Amino acid sequence: MSYNLLKGKKGIIFGALDEKSIAWNVALRAKEEGAVFTLSNTPLALRFGNVKELSEQCDAEIIQADATSVSELEIVFSRSMEIMGGKIDFLLHSIGMSMNVRKSREYDDLDYNFYHKTMDISAMSFHKMIQVAKKMDAINDWGSIVALSYIASQRTLNRYNDMADAKAMLESIARSFGYIYGREKNVRINTISQSPTRTTAGSGVKGIDALIDFTERMSPLGNATAQECADFCMVLFSDLSRKVTMQNIFHDGGFSGMGMSLKAMTQYKKSLEDE
Ligand SMILES: NC(=O)c1ccc[n+]([C@@H]2O[C@H](COP(=O)([O-])OP(=O)(O)OC[C@H]3O[C@@H](n4cnc5c(N)ncnc54)[C@H](O)[C@@H]3O)[C@@H](O)[C@H]2O)c1
């Protein structure tokens, strides 16, 4: 259902790879809500994903870029403003990758080149994106910037590995830059801390099925889906959230507020009986 929340707004969506991607769902909802936008991802993702299909569906041009490259980000912003005929109103950073996770390097045996890459791709790219936008004055007053985070930034979850450190940095960037960009241009910056979700990045975390089952049992409202996350992004991009900034907002069905639930306790007791 459309509420025309983004009517007349222009955006850039980073990180749509396939139908499961959070960014893919955000693009579909943004289109429904009346926005125009461009899509960006790496050349590799464009080759192996289905982004072309999304671009046709949303009538959105694709601008390829590695989000760790400042010069490529500059091209994304200048091309986007050219294509859409003006400054941007919303920006989605939905990017994450860890070679340590992919290669099953445990947290007490990290490869430091991989670690550096994790931080650059999953966190520092957010700073680069915002700094490029600000220097180019590419975002309209009262614009909205959102990145996707995860609760492992604040609490330890088995096997989330160096991505936990990247998410902590990502959330800190939202606060530090949120202050400056808010003060100077009324631009707001927030992170959404989403439930575990079966996407390509999500499935890279070993034991994701057990984690999804656990958080489903623990959350009073159940896990939030990628589509529900996209709905929430519409609120954060819209004028309805103009005074929300520098926040990490949990979109997790209540998981972050729980210690133990009846459903999880029942399951845990069963496993004790099996012993
Ligand atoms: N899936 C989950 O359980 C979950 C939960 C909370 C937060 N998140 C976060 O949501 C965001 C989106 O992930 P997703 O779950 O939709 O998975 P996804 O695999 O669909 O998306 C990750 C995207 O990052 C892109 N990417 C990787 N390296 C890049 C680079 N150098 N430059 C530009 N783009 C690059 C990939 O091409 C891909 O499109 C990530 O930040 C992820 O950490 C995911």
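Modeller: Happy to! Let's begin with a meeting place: Val-70, Leu-73, Glu-74 and Phe-77 in α4 touch Lys-128, Met-129, Val-132 and Ala-133 in α6. Two residues are in contact if their C-beta atoms, placed from the backbone, lie within 7 Å. By class, the contact of α4 with α6 has six nonpolar, no polar and two charged residues. Here Ala, Val, Leu, Ile, Met, Phe, Trp, Tyr, Cys and Pro count as nonpolar, Asp, Glu, Lys and Arg as charged, and the others, Gly among them, as polar.

Before going on, a word on the source: this is a predicted model, in which local features need pLDDT of at least 70, side-chain atom pairs count only at pLDDT 80 or more, and totals for chains, interfaces and linings use all residues. Residues are numbered from 1 along each chain as its sequence is written.

Now for the helices themselves (DSSP runs of H or I, at least four residues, numbered from the N terminus). Helix α4 covers residues 70-84 and helix α6 covers residues 112-135; their axes are 9 Å apart, and the packing angle is about 55 degrees. Axes are lines fitted to C-alpha atoms, for helices over the stretch in contact, and angles run from 0 to 180 degrees between N-to-C directions. That angle makes α4 oblique to α6; angles under 35 degrees count as roughly parallel, over 145 as roughly antiparallel, 65 to 115 as roughly perpendicular and the rest as oblique.

Conventions
Helices (H or I, at least four residues) and strands (E, at least two) are DSSP runs, numbered from the N terminus.
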